[in-house]
Amino acid sequence: MKDILDSTTMFRFEICLSETLTNSVKHADTHDKEMPIEVTLIETASALVVDVFDPVGAGFFDLRDHAKDLDSIDLMAESGRGLGLIVQCADAVTYGALKGRNRLALDFLKTVT
């Protein structure tokens with residue numbers, strides 16, 4: 001992906017993907033803990049888009065209700081930064097139901113041509 005994203009954007013991409021997958025594993029409310037999390041990468045003319053689908057059966061979670069502004073988080077807190085980091089680091093964040101599953105789409109604008 002080095003030929004698609006510059007090093008700064010790649011760093012933001014890695015933070016977002018790590019936080020997203022950690023949150024999905026820890027917090028996706030599903031009865032069957034063996035259900036997989038699905039991740040897809042889509043390259044468009046202007047961006048790299050990561051779609052992360054919660055496991056089948058996970059309850060709806062509105063990201064906007066839980067993402068904290070990074071300026072309001074205690075720097076010594078052990079958790080609580082993930083959603084704020086995702087919102088801050090991705091160029092665009094979309095969350096909602098798609099085909100009966102929760103989908104988080106993260107867009108990263110291409111910076112290498």
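Arg 12 counts as buried, at 19% relative accessibility. Here buried means under 20% relative accessible area, exposed means over 50%, and partly exposed lies in between (1.4 Å probe, protein chains only). The model is predicted: local features need pLDDT of at least 70, side-chain atom pairs count only at pLDDT 80 or more, and totals for chains, interfaces and linings use all residues. Residues are numbered from 1 along each chain as its sequence is written, and side-chain values use heavy atoms, with hydrogens and water left out.

Arg 12 forms a salt bridge with Asp 91, and the closest N and O atoms are 3.5 Å apart. A salt bridge is a side-chain nitrogen of Lys or Arg within 4 Å of a carboxyl oxygen of Asp or Glu. This pair links distant parts of the chain, 79 residues apart. Arg 12 sits in helix α1 (residues 7-27), while Asp 91 lies in the loop between α3 (82-89) and β3 (92-98). Helices (H or I, at least four residues) and strands (E, at least two) are DSSP runs, numbered from the N terminus. Asp 91 has 37% relative accessibility and counts as partly exposed.

The whole structure holds four salt bridges. Another of them joins the side chains of Glu 38 and Arg 101, at 2.9 Å from N to O. Glu 38 belongs to strand β1 (residues 38-43) and Arg 101 to strand β4 (residues 101-109), so that pair links distant parts of the chain, 63 residues apart. Glu 38 is partly exposed, at 34% relative accessibility. Arg 101 is buried, with a relative accessible area of 17%. Glu 43 and Lys 110 also meet in a salt bridge, at 2.7 Å from N to O. Here too the pair links distant parts of the chain: Glu 43 is in strand β1, Lys 110 is in the segment after β4, and they are 67 residues apart. Glu 43 counts as partly exposed, at 48% relative accessibility. Lys 110 is partly exposed as well, at 25%.

The overall fold was described next. The protein chain has three helices and four strands. From the N terminus on, these elements run α-β-β-α-α-β-β. Of the 113 residues of the chain, 34% count as buried. The accessible surface comes to about 7300 Å², and 54% of that area belongs to carbon and sulfur atoms. Accessible areas come from the Shrake-Rupley method with a 1.4 Å probe; for residues, only the protein chains shown count as cover. Contact means heavy atoms within 4.5 Å. Among contacts between residues at least 6 apart in sequence, 61% join residues at least 24 apart.

In soluble globular proteins, nonpolar side chains tend to be buried together. The largest nonpolar core of this model has 15 residues. Such a core is a set of buried Ala, Val, Leu, Ile, Met, Phe, Trp, Tyr and Cys residues joined through side-chain atoms within 4.5 Å. The residues with the most contacts inside it are Leu 5, Phe 13, Cys 16, Val 50, Ala 90, Leu 106 and Phe 108. Two or more residues come from each of α1, β2 (47-53), α3 and β4. Leaving aside neighbours within four places in sequence, Leu 106 is in contact with residues including Cys 16, Leu 48, Val 50, Ile 86 and Ala 90.

One aromatic pair was found in the whole structure. Phe 13 and Phe 108 form this pair, which is edge-to-face, with 5.3 Å from centre to centre and 75° between the planes. Rings of Phe, Tyr and Trp (its six-membered ring) pair if their centres lie within 6.5 Å; planes under 30 degrees apart count as stacked, over 60 as edge-to-face and the rest as tilted. Phe 13 is in helix α1 and Phe 108 in strand β4, 95 residues apart. Both Phe 13 and Phe 108 are buried. Thr 9, also placed in helix α1, is buried at 3% relative accessibility. Not counting residues up to four places away in sequence, Thr 9 touches Phe 108, Leu 109 and Thr 111.

The structure holds zero disulfides. A disulfide is a pair of cysteine sulfur atoms within 2.5 Å. The sulfur of Cys 16 is 4.9 Å from the closest cysteine sulfur, in Cys 89, which is too far for a bond. Cys 16 is buried, at 0% relative accessibility. Cys 89 is buried too, at 9%.
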